[in-house]
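Here is a brisk report on the model shown below. It takes charged pairs, backbone angles and chain B in turn.

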Amino acid sequence: MRYTRTSKALVLSAALALTLSACGGGAGSTGASNGSAGATGGAEGSSTAVITANSTEPQNGLLPANTNEVGGGRVMDLLFTGLVSYDAAGAPVNELAESIETKDATNYTIKIKSGQKFSNGEPVTAKSFVDAWNFGAAAKNAQLNSYFFESIKGYDKVSAKDATVDTMEGLKVVDENTFTVELSRAESDFPLRLGYTAFYPLPAAAFEDPKAFGENPAGNGPYKLADDGWQHNVQIQLVPNADYSGPRKPVNGGVTFKIYSTFDAAYQDLLGDNLDVLDQIPPSQLQNFKDDLGDRWVNQAYAGNATMTIPSYLPEFQGEAGQMRRAAISMAINRQEIIDNIFFGGKQIAKDFTSPVIDGYSDSLPGNEVLAFNAEKAQQLWADAEKISPWPAGKVFTITSNIDGAGNKEYIEAMANQISNTLPIKAELNPIPTFKEMRTLVGEKKLTGASRAGWQADYPSLYNFLGPLYATGAGSNDGDYSNPEFDKMLTEGLSATSVEEGNKIFNKSQEILLKDLPVVPLWYQAVQGGWSTKVADVKFGWNGVPMYYAITGK
Amino acid sequence: MITFTLKRFLQLLPVFIGATLLVYFLVFAAPGDPIAALSGGKPMNPAVEETLRAQYNLDQPFWVQYLLYLKNLVTFDLGQTFSGQAVSDVIARAFPVTAKLAIMALAFEAVFGILFGVIAGLKKGKLFDSTVLVASLIVIAVPTFVLGFVLQFVVGVKLGWAKPTVGVGAPWSDLILPAIVLGLVSLAYVLRLTRTSVIENKNADYVRTATAKGLSRRRVIVVHVLRNSLIPVVTFLGADLGTLMGGAIVTEGIFNVPGIGNLLYSAINKGETPTIVAVVSVLVLVFVLANLVVDLLYAWLDPRIRYV
């Protein structure tokens, strides 16, 4: 799921804890510590209270393959359920999948549980998945998540401009409850992806009139849309779906998403008990939210990070001298100082290119000392680089960033100061007014210096932090990084037949990144949230989104 | 009078076309690609990107885009938002809320502004006058968002007299607090304007004559002083209705009011041309209409002003 403009821009601060388990209750939340409710919806903790939570207006109609931002994503995840869902720690749990089997990481046989149905009465079958995926991938339907089906054989044909084919040859319905997927190359983490919004099934009604369906979707998830439930720009009301029998059974009487244009307004509502769950404390309140909320807050790492891209096409950062300069800049940044002073002691300094909440994460990869502040070493490296090829006289090292969200300007200016103070160059912020303009600049690949970047995982996998960002020609490879050795390792990791085996190879591939530093990792993102006095059992998932189904009223 | 009114209505047409053209151009010229922003930094299938661009005419040069927009406008089609809703629907939902808020704010500032202004003017130099003058100065000096946050926190969160934000359906009761915040700065101006005007007219010849004729003090103040003093105030209030509707962006943000201001703010962020142009055009229309009403009120307030 991608950042919304706001969430990307807003400062998310303070990750004190190392893992989800260590900090879920570490915030002193009574709710999180006894939060085993939810699985069964037992008598204790179960309630009929309707929970109110903050959200933003979904950017698009509620179609799985067209929902790529948090406002729509959190609603979709409650209205629909896919083959798997993720538990609080990000591990996949079978929802509709009976089994997902493969021998070669290329051909998958997927069996789904029988007897499931959509809220309009239509049964969920293998065809519901195959049709939905074909719909999502086909270019003519212009679905934003289309690229998610990239690895399925035949995607290139349905996604091409003026495509005449609209079904992928890699998808085959075997019988009512079984279908097979053939990928165009081995991908061991394919099953991990299947909990993402894009892979949800759809009933036949969705294809007849996608627009009308997107306004009033019939899903198969733990909740369904109330009658006239989506009041645009005001609220989205969900009520429990009695037909749902998966692991995310609701223990409350429904969830109402109130749509806010600012997190400040939502925060005031939270203080006034006019809102039950807020998943983002506004930057202006980061200093005092813990005092304001007593024990009703959380501060935990989620699957996202912040980095600084140094494009590979910059002549000063190529070759051996370039590598030294990248390391020098990385070591000139005192990450902890910035975290303490600008993010109020929160966040957690980066030790790799992924996130600590992802299975397989390691904080001790060989070569990660390049991410630690070391002024002496940085100056040494810079001097060595100068001997090979001198830095152009008078050239300023710029860091481009949009400044329409609070915090960006402050931390980048601080970072630029640290670089200027440590190294014999001048570094400064190149401010861009809006996120929109920033994306255009980065997309055109015409930067003359570094730029602010970050990534939020779509699904909990190490590969998701590496492949889409650093593989040659990958969709989000903003800095045009290319290293055949790294590409080869990614392919190897994907061909592994187990997730563990794959993770080992992916971590090995990160050692190459630590040498090349296509981006300079800064810190891991954390979610700061709070809840009202009227609810309990509030937990936040691996992606920073609250586990709404498990929240109980008091 | 009827010709005058008709003429003024006909003038709306060029104003409208001019406004849409200008706004359309500004949005077109603004840097940043809305389709790239739509994908939020994640990759996008090029074919999908192209389809979307074509769907919103973004692949066309400026004049073609604008003429296509006008063509649709003739059939009352204001275009679509990126989420596929008709812009006319979106505005039809947001407009009444902002109108309600602006009218409440206007009523608030008119009633209290004129009332306090008249009293202060009549009691020039007394304690009430000085207190009100100082208070109005403070209100003018403090930015709206500060006033908004403070009132929201004190009244909404601490005292619990009102909800901190506006609830579903934007009921009148929820809008009281934001309307006060929205109208407060204008109230200060109305008050000062009324006060000055009253002081001026209080010593005018016709007022002395009226008093000398033995009219009651009440009649002198209401009919002679007030009626003449209201002319500049009405001008201000009329123009202020347009300002209030446009200026609601800050207040609507603080109190999360689902109105025009919030809509415009998010549309600008997304670079959603049809919504921006439509909202701004509506605001222009409101502004022009309010000025028309002011002109008509003039004639009623001051028979010396005649339009042919």
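## Salt bridges

Across all chains, the structure contains 25 salt bridges. The model is predicted, and every distance here is computed from its coordinates. Side chains of opposite charge can pair when their charged atoms come close.

In chain B, B:Glu272 and B:Lys270 form a salt bridge, with 3.8 Å from N to O. B:Glu272 is buried, because its relative accessibility of 3% falls under the 20% cut-off. B:Lys270 is partly exposed at 27%.

In chain A, A:Glu187 pairs with A:Arg185 at 3.2 Å, N to O. A:Glu187 is buried, with a relative accessible area of 3%. A:Arg185 is partly exposed, at 37% relative accessibility.

A:Lys387 and A:Asp384 make a salt bridge, and their closest N and O atoms are 3.4 Å apart. Both belong to helix 14 of chain A, residues 375-388. They are 3 residues apart, so about one helical turn separates them. A:Lys387 is exposed at 68% relative accessibility. A:Asp384 is partly exposed at 22%.

Where does A:Lys347 lie in chain A? This residue is in the loop between helix 13 (335-342) and strand 13 (348-349).

A:Lys347 is buried, yet has no salt bridge. The nearest side chain of opposite charge is that of A:Glu410, 12 Å away. A salt bridge needs the charged atoms within 4 Å. The side chain of A:Lys347 does have a polar partner: it makes a polar contact of 2.7 Å with the side chain of A:Gln525.

## Positive phi angles

Most residues other than glycine have a negative phi, and most peptide bonds are trans. Two residues with positive phi follow.

A:Ala142 has a phi near 50 degrees, a positive value in a non-glycine residue. A:Ala142 lies in a loop of chain A, between helix 5 (126-137) and helix 6 (155-158). Is A:Ala142 buried or exposed? At 8% relative accessibility, A:Ala142 is buried.

B:Phe76 is not a glycine either, and its phi is positive at about 60 degrees. The residue sits in the loop of chain B between helix 4 (62-74) and helix 5 (87-122). B:Phe76 counts as exposed, with 74% relative accessibility.

## Chain B as a whole

Chain B has 12 helices and 0 strands. Its C-alpha trace spans about 85 × 55 × 30 Å along the principal axes. Of the 308 residues in chain B, 49% are buried.

Among contacts in chain B with a separation of 6 or more, 76% join residues 24 or more positions apart. The accessible surface of chain B is about 14900 Å². Carbon and sulfur atoms account for 71% of that surface.

## Confidence

The model scores ipTM 0.86 and pTM 0.85. For chain B, the mean pLDDT is 87. In that chain, 98% of the residues reach 70 or more. Where pLDDT is low, the predicted coordinates should not be read in detail.

Note on methods: Residues numbered from 1 in each chain as written. Chains lettered and ligands numbered in written order. Predicted model: local features only at pLDDT ≥ 70, side-chain atom pairs only at ≥ 80, totals over all residues. Heavy atoms only, no water. pLDDT = per-residue confidence, 0-100. Helix = DSSP H or I, 4+ residues; strand = E, 2+ residues; numbered from the N terminus. Buried < 20%, exposed > 50% of the residue type's maximum accessible area, 1.4 Å probe, protein only. Lys, Arg positive; Asp, Glu negative; His and termini not counted. Polar contact = N/O pair within 3.5 Å; in protein donor to acceptor, adjacent residues only side chain to side chain. Contact = heavy atoms within 4.5 Å. Areas by Shrake-Rupley, 256 points an atom, 1.4 Å probe, with all protein chains shown as cover.
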